[in-house]
Amino acid sequence: MTDPIRLSPNLSPAGRALLLATAVAALAACSPPTAKKTEAPPPAAAPAPAKPAAPQVPAGDYKLDKAHANLEFKVNHLGFSHYTARFSDFDASLKFDPANPAASSVEATIDPRSLELPTPPAGFKTELTGPQWLDAGKYPAITFRSTKVEVTGTNTAKITGDFTLHGVTKPVVLEATFNGGYAGHPMDPHARIGFSAHGVFNRSEFGMGFGVPAPGTTMGVGDAVEVQIEAEFSGPPLASAPAAPAN
């Protein structure tokens with residue numbers, strides 16, 4: 001250890017200051033260097049989630065499985081709620097090509113007399129299926145026939161079709177989601193696929209303008225009809241499925 005620095009009493013004030021400055025500089029030069037702060041490397045980017053493999057389902061004709069299908073609609077009621085009802089009798093057929101979804105097509109038919117209402121008051125269903133509304137006696141079928149399928153994502157598409165309601169035919173677009181499927185199962189030896197679909201149309205454009213609220217009000221039943229569809233379809237049999245016995 002070095003001796004402490006002693007200042008001579010004979011040094012001038014300027015000399016003392018110079019000597020002190022020199023000593024401070026020497027001590028600073030002998031001090032251990034400050035450790036350089038190291039920055040942690042940026043976290044590695046999370047790998048992108050793997051896309052699910054496309055289901056291996058065959059192309060061909062598919063029929064609606066009515067036991068696993070639902071068709072309901074909603075209309076605004078006085079601005080207070082969205083009144084919801086459904087049809088119980090409807091059918092659909094689908095030509096499906098998983099390798100080229102845009103080439104697929106669908107046709108559907110609804111019986112308006114199968115309208116089901118939640119706890120309807122007496123006479124309400126008769127009124128809705130009567131001349132002021134669905135007029136089911138004169139127009140016994142509501143139909144949809146696709147004219148274009150536009151793929152919008154991995155499992156989504158826009159389905160444009162001719163929609164016939166109350167004797168009027170106009171184009172309507174359904175936003176559809178393919179929920180998946182399989183080529184068959186020992187307990188279900190046919191291909192099976194499932195879809196959800198949603199669409200909106202104005203009933204006044206189909207000659208059903210009764211009760212539409214005046215502009216700027218909600219006093220009545222809304223013009224816009226929101227449709228929600230859940231459907232499963234059964235298709236070609238499994239390649240390994242046993243053949244049906246000949247008659």
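Let me begin with a definition: by contact I mean heavy atoms within 4.5 Å. With that in hand, leucine 94 touches Gly60, Asp61, Tyr62, Ser105, Val106, Ile193, Phe195 and Phe233, where residues up to four places away in sequence are not counted.

Before going further, some caveats. This is a predicted model, in which local features need pLDDT of at least 70 and side-chain atom pairs count only at pLDDT 80 or more, while totals for chains, interfaces and linings use all residues. Residues are numbered from 1 along each chain as its sequence is written, and side-chain values use heavy atoms, with hydrogens and water left out.

Now the overall layout. The protein chain has two helices and ten strands, where helices (H or I, at least four residues) and strands (E, at least two) are DSSP runs numbered from the N terminus. Read from that end, the elements follow the order α-β-β-β-β-β-α-β-β-β-β-β. Of the contacts between residues at least 6 apart in sequence, 57% join residues at least 24 apart. Buried residues account for 28% of the 247 residues; buried here means under 20% relative accessible area, exposed means over 50%, and partly exposed is what falls in between, with a 1.4 Å probe and protein chains only. The accessible surface of the chain is about 16300 Å², and 62% of it belongs to carbon and sulfur atoms, the areas coming from the Shrake-Rupley method with a 1.4 Å probe and, for residues, with only the protein chains shown counting as cover.

Let me turn to strand pairing, which requires that DSSP finds at least two bridges between two strands. Strand 10, residues 224-237, runs antiparallel to strand 1, residues 60-77, and eight bridges join the two; within this pairing, leucine 71 has isoleucine 229 of strand 10 as its bridge partner. Strand 10 also pairs in the antiparallel sense with strand 9, residues 190-202, over twelve bridges, and there glycine 194 is partnered by glutamate 232 of strand 10.

Finally, the aromatic rings. Rings of Phe, Tyr and Trp (its six-membered ring) pair if their centres lie within 6.5 Å, and planes under 30 degrees apart count as stacked, over 60 as edge-to-face and the rest as tilted. The count by this rule is eleven aromatic pairs. In one of them, phenylalanine 96 and phenylalanine 178 have ring centres 5.5 Å apart and planes at 40°, so the pair is tilted. Since phenylalanine 96 lies in strand 3 and phenylalanine 178 in strand 8, residues 168-182, the pair ties together parts that are 82 residues apart in sequence. Phenylalanine 96 also forms an edge-to-face pair with phenylalanine 195, at 5.9 Å centre to centre and 85° between the planes. Because phenylalanine 195 is in strand 9 and phenylalanine 96 in strand 3, this pair ties together parts 99 residues apart in sequence. Both phenylalanine 96 and phenylalanine 195 are buried, and Tyr62, Phe96, Phe178, Phe195 and Phe233 form one aromatic cluster.
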